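Hi everyone, thanks for coming. Let's walk through one model together, starting with a pair of helices and ending with a pocket.

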Amino acid sequence: MRGEVLHYDEDQGFGFITGADGNRYTFTRENLRRQTAMPNGTVVEFQTGGGQARDVFSIAGQTTASPAANPTVAAGINAAPAQPGTAPAARAPQAQHFGRSSESATAEPSDLWGYFWRGLTRNYFNFAGRARRKEYWGYCLFWVVCLLIIGGIGIFTDIEMGNFDTDVSAVVTVGLCGTFLLATLLPGLGMTVRRLHDIGLSGWLYLVILIPSIGSLIILVFALIPTQARENQWGPVPAGVGI
């Protein structure tokens, strides 16, 4: 099928193609027949499968051969103002809309701690986009580790201050743990919402956690479901997912 590159992030090795059938297809660096640059608007041929473009190669070489061979012509083309209605200009806002959210603006974290730290910083108020299983469980792992450390510090402090022998009891432990829980409430909620987006579900389904007894179990099952291996309405496949 013939199509046009809507967006390609060379650093992440991920992009979109608008096919001749009007549908959008995702592709990764591994799907390129030749490791070449894929600027927005590049005309390509590709094979489809499961919402993904495979065996992608550019067919724009014939039209760009002459300018590349002639530096004078190439300079003239580069200097010429962009014509209204051209494919790259017309699709630029769309590429930004379907591109990665702020959480993917930088390289994928190399360890689980990176996911946790990113959740507490750049993604603190982020309820948009998608979060792969590794990101979700990496965040959960270090959230529990930090809570245990903070609780341990609180218990040690209360013991040293003798609070367990007074009416105030574990006031330091409760205060520290309560502060940590409140501080991580929004990033944790956002992480779960993005995990639901990643499997093609609305973030509003998080409200099932309010169901007594089984609500938390339902969320646990959702968190274990593999990434939806295609672009969905909440964004592209997260970087690093093998598809």
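Predicted model: local features only at pLDDT ≥ 70, side-chain atom pairs only at ≥ 80, totals over all residues.

Helix 5 and helix 8 are oblique to each other, because their axes cross at roughly 130 degrees; angles under 35 degrees count as roughly parallel, over 145 as roughly antiparallel, 65 to 115 as roughly perpendicular, and the rest as oblique. The axes, lines fitted to C-alpha atoms over the stretch in contact, with angles from 0 to 180 degrees between N-to-C directions, come within 9 Å.

Residues are numbered from 1 along each chain, and side-chain values use heavy atoms, without hydrogens or water.

Who touches whom? Arg 133, Tyr 136 and Trp 137 of helix 5 meet Leu 220, Ala 223 and Leu 224 of helix 8, with contact meaning heavy atoms within 4.5 Å.

Now, the largest pocket: 19 residues line it, and Tyr 136, Gly 188, Thr 192, Tyr 206 and Ile 209 lie nearest its centre. A pocket is an open set of points on a 1 Å grid over the protein atoms alone, where a 1.4 Å probe fits, with protein on both sides within 12 Å along at least five of seven lines; lining residues have an atom within 4 Å of a point. Helix 5 gives the most to this lining, with 6 residues.

Note on methods:
Helix = DSSP H or I, 4+ residues; strand = E, 2+ residues; numbered from the N terminus.
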